[in-house]
Protein chains: 4
Amino acid sequence: MRAKPQDPDFDTRVRNNFGEQTVMHTIGARLTQLEAGRAEIEMPTRDDLAQQNGYVHAGIVTTILDSGCGYAALSMWPAGSGVLSVEFKVNLLAPAKGEMIRVRAEVKRSGKRLTVCTADAFAVDGDKETICATMLATMICIEAKRS
Amino acid sequence: MRAKPQDPDFDTRVRNNFGEQTVMHTIGARLTQLEAGRAEIEMPTRDDLAQQNGYVHAGIVTTILDSGCGYAALSMWPAGSGVLSVEFKVNLLAPAKGEMIRVRAEVKRSGKRLTVCTADAFAVDGDKETICATMLATMICIEAKRS
Amino acid sequence: MRAKPQDPDFDTRVRNNFGEQTVMHTIGARLTQLEAGRAEIEMPTRDDLAQQNGYVHAGIVTTILDSGCGYAALSMWPAGSGVLSVEFKVNLLAPAKGEMIRVRAEVKRSGKRLTVCTADAFAVDGDKETICATMLATMICIEAKRS
Amino acid sequence: MRAKPQDPDFDTRVRNNFGEQTVMHTIGARLTQLEAGRAEIEMPTRDDLAQQNGYVHAGIVTTILDSGCGYAALSMWPAGSGVLSVEFKVNLLAPAKGEMIRVRAEVKRSGKRLTVCTADAFAVDGDKETICATMLATMICIEAKRS
């Protein structure tokens, strides 16, 4: 998906929105890359975000997959837009372990109201990335909340 | 789904497993009810688990939906079993706000290896419950990790 | 979901729409029950709709699950509405065999634009119903096509 | 996904399996390409497979998406393997119209028992392909039925 964003200043708008997601601070996730229709988020693994085997809980992996899809979608919409998740589906492919979880999300088809995104999550150890989960999601464009 | 559990002592086994999910402590979630094939989890809402509008992030709601489904499934399997999520799909239906999020999960079809579960999440304010999300999930039975 | 339909004449409108789905005739499916927010479809099994084991193909089961969800949603919307599927997820639970496949669909949450539905498909032999698949779907309300 | 297939004769095995899906003949679908981990299916559009707007019904598009994923998965498994769908999710992206529907499916992660696949469906008119649907699916490896 290489369509042109409708808002040339999408970068600031998306980063501000990310900054308002308090849960991103709580779990230690950062928006590490952003292009029109693409977002990357990284989160160092932590012992207090684990399921029963010590891996990062699928719901926490989903948290960053979902935000990745949301910001990939939001980057394509006009100024004044906000984003909400309509639905998503996640397949868990391997243990979410290692130094960090990295998510790469992108727009599959950008619509005026509904945008479909895909995202992969990788378990990262040094230079090695192992895909650990994948998401297919629908995002909806709403009016941004007023400040 | 009113099938009989294969392990009469499922309650202890499931509660111990829940206790090992450090993320449940981190987000303040508690396993409030457990029957064969059913689990209920409650989590008070908190400002540090929010998305950009101040509601609980969809990924955090997913975290307790997923654990609810996992423990509903695990309750039906034999002693020595563990559980992993294969995949899940979530539809977001309303803002996850109020005093707490309550999840009710149940087994839809219990299999030897794969079990399909459904779960609803409710935004709770006093006596009022509003459905805010729903999950359809596949769980896989594995050997429990050795202690 | 027991909300009141916005169009008291939803029955005729939905049945006409069903009649326009040529694929329903091709696979021999009939709309056997319709209430506000609920639809039932039946399709006798046939050898020419099979996958490699002789069961009804998952895609054909999906065809009637999807139409069931669509008509459950459409029954709740105002006159002049049409329906399209945004997305659906299906879990296959048992072989789709026997005399017929019966689908029961219902609205989970009816919205102005987006409505979330669930549907179960049953393999029917005489009086015996075995659940063989389940769907969680999002339908969107559009303007009906002009005739 | 460029992993090596475990059965060098996967081509014959997969094509025979496809030939046993009577529904593929009924809807006029053909397996037009097959590599290890990839399958392509084409189906000319037909008036008797339509939904109420005259487009190919989402369930029929799903039928070929599902078979595409199944054969992509089956191509990677050992001789003697069969395939069943565990679950799939489909997003509908544009009307399924034009001369034919073409599906390209590929393995995302091949496992011993469970394999995750993705597939895109395209509405084809002459040289022009428009993506009309996308699937994320889980397939399970079973013993092939005896002949």
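Which residue stands opposite Asp125(D) in E6(D)? The legends below answer this and describe a predicted model, in which local features need pLDDT of at least 70, side-chain atom pairs count only at pLDDT 80 or more, and totals for chains, interfaces and linings use all residues. Residues are numbered from 1 along each chain as its sequence is written, while chains are lettered from A and ligands numbered from 1 in the order in which they are written.

**View 1. Strands E5 and E6 of chain D.** Strand E5 (residues 114–125) and strand E6 (residues 128–143) of chain D run antiparallel and are joined by twelve bridges. Lys128(D) is the residue that stands opposite Asp125(D) in E6(D). Strands (E, at least two residues) and helices (H or I, at least four residues) are DSSP runs, numbered from the N terminus. Two strands pair if DSSP finds at least two bridges between them.

View 2. E3(C) pairs with strand E3 (residues 81–92) of chain D in the antiparallel sense, over five bridges. Within this pairing, Asn91(D) in E3(D) stands opposite Glu87(C).

**View 3. The contact between chains C and D.** In this interface, 29 residues of chain C are in contact with 29 residues of chain D; two residues are in contact if their C-beta atoms, placed from the backbone, lie within 7 Å. On the chain C side, at least two residues each come from helix H2 (22–27), helix H3 (58–74) and strand E3 (81–92). E3(C) gives the most, with eight residues. The residues of this side comprise nine nonpolar, 13 polar and seven charged. Here Ala, Val, Leu, Ile, Met, Phe, Trp, Tyr, Cys and Pro count as nonpolar, Asp, Glu, Lys and Arg as charged, and the others, Gly among them, as polar. The copies meet through the same surface, because 100% of the interface residues of chain C are also interface residues in chain D.

**View 4. The axis relating chains C and D.** Chain C is superposed on chain D by a rotation of 180 degrees with 0.0 Å of shift along its axis (RMSD 0.0 Å). This is the relation of a two-fold axis. The C-alpha of Lys89(C) is the one nearest the axis in chain C, 2.0 Å from it. Copies are superposed by least squares on the C-alpha atoms of residues with pLDDT of at least 70 in both.

**View 5. The contact between chains A and C.** Five residues of chain A are in contact with five residues of chain C. Strand E3 (residues 81–92) of chain A supplies the largest share of the chain A side, three residues. The residues of that side divide into two nonpolar, one polar and two charged.
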